[in-house]
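Morning, everyone. Let's have the model up on the screen, please.

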Amino acid sequence: MELGDGIKKFFLLGIGAAATSVEKSGEILGDLVKKGELTVEQGKALNQELKHNAEEKKKQAEAQKKGEAIKDVEIVVEMKVSANGVTYGSVNAATVAEELKKKGFDVDRKIITMRDAKKLGDYVATVHFHKDVLVEIPVKVIAENQPVEAPVEETPAIEETPAAPVAEEAPAAE
């Protein structure tokens with residue numbers, strides 16, 4: 001007897017919600033097999049699928065946690081530049097991984113995608129922690145001797161109150 005896909009999904013959702021662990025779901029499936037409601041093969045297949053789903057959710061949760069930690073990071077890379085603004089070398093995924101490591105984030109360069117930056121400017125690197133967790137990191141390439149612009153904080157303008165106009169005295173008539 002083959003379970004339909006719709007029934008299988010419904011069943012997996014029900015057991016996944018009722019069972020707090022893979023072991024508990026295995027017990028539930030074992031009981032269903034003993035009662036004759038499932039065949040042994042169906043029970044094994046469903047148990048494997050539950051294990052796979054639990055592992056996938058765990059990986060996604062870990063990736064989400066890593067993504068949250070890195071989402072506000074901004075990278076500034078200083079490069080030597082020719083007279084016409086072209087860099088000597090390029091900024092790529094490996095460079096981004098090195099800069100992230102300097103900031104305390106250990107990210108494998110293989111999960112970073114970025115088009116090579118060969119000129120000064122702003123770029124975006126995407127870190128693929130999981131198929132559902134992508135984090136975009138702004139990358140700014142500047143000249144080696146160029147100072148980094150600090151964010152300018154707007155301060156409220158202080159309006160000066162005009163001093164009372166001084167009345168000029170008319171020349172005394174003689």
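Let's start with a pocket. The second largest pocket has a volume of about 160 Å³. Keep in mind that this is a predicted model.

Which residues line the second largest pocket? They are K66, A69, I70, F105, D106, V107, D108, I111 and F129. Sort that lining by class, and you get 6 nonpolar residues, 3 charged ones and no polar ones. Which helix gives the largest share of the lining? Helix α3, residues 40-70, with 3 residues. How do we find such spaces at all? Rolling a probe the size of a water molecule over the atoms shows where empty space is left.

Next, helix α4. This helix covers residues 93-102. At its start, a side-chain oxygen of N92 comes to within 3.2 Å of the backbone nitrogen of A94. Which residues of α4 are buried? A93, T95, V96, A97, E99 and L100. Here is a general point for reading such a list. An α-helix has 3.6 residues a turn, so residues three or four places apart point the same way. After α4 comes G104, and its phi is positive, near 95°.

Now zoom out. The protein has 4 helices and 6 strands. From the N terminus, the order is α-α-α-β-β-α-β-β-β-β. There are 174 residues, and 26% of them count as buried.

Last, contacts. Take those with a separation of 6 or more: residues 24 or more positions apart account for 50% of them.

That's my tour. Thanks!

Key. Residues are numbered from 1 along each chain as its sequence is written. This is a predicted model: local features need pLDDT of at least 70, side-chain atom pairs count only at pLDDT 80 or more; totals for chains, interfaces and linings use all residues. Side-chain values use heavy atoms; hydrogens and water are left out. On a 1 Å grid over the protein atoms alone, a cavity is a set of points where a 1.4 Å probe fits but cannot get out, and a pocket is an open set with protein on both sides within 12 Å along at least five of seven lines; lining residues have an atom within 4 Å of a point. Grid points are joined across faces, edges and corners, and a volume is the space filled by probe spheres set on the points. Helices (H or I, at least four residues) and strands (E, at least two) are DSSP runs, numbered from the N terminus. Ala, Val, Leu, Ile, Met, Phe, Trp, Tyr, Cys and Pro count as nonpolar, Asp, Glu, Lys and Arg as charged, and the others, Gly among them, as polar. Buried means under 20% relative accessible area, exposed over 50%, partly exposed in between (1.4 Å probe, protein chains only). A polar contact is a pair of N or O atoms within 3.5 Å; within protein, one must be able to donate a hydrogen and the other to accept it, and residues adjacent in sequence count only if both atoms are side-chain atoms. Contact means heavy atoms within 4.5 Å.
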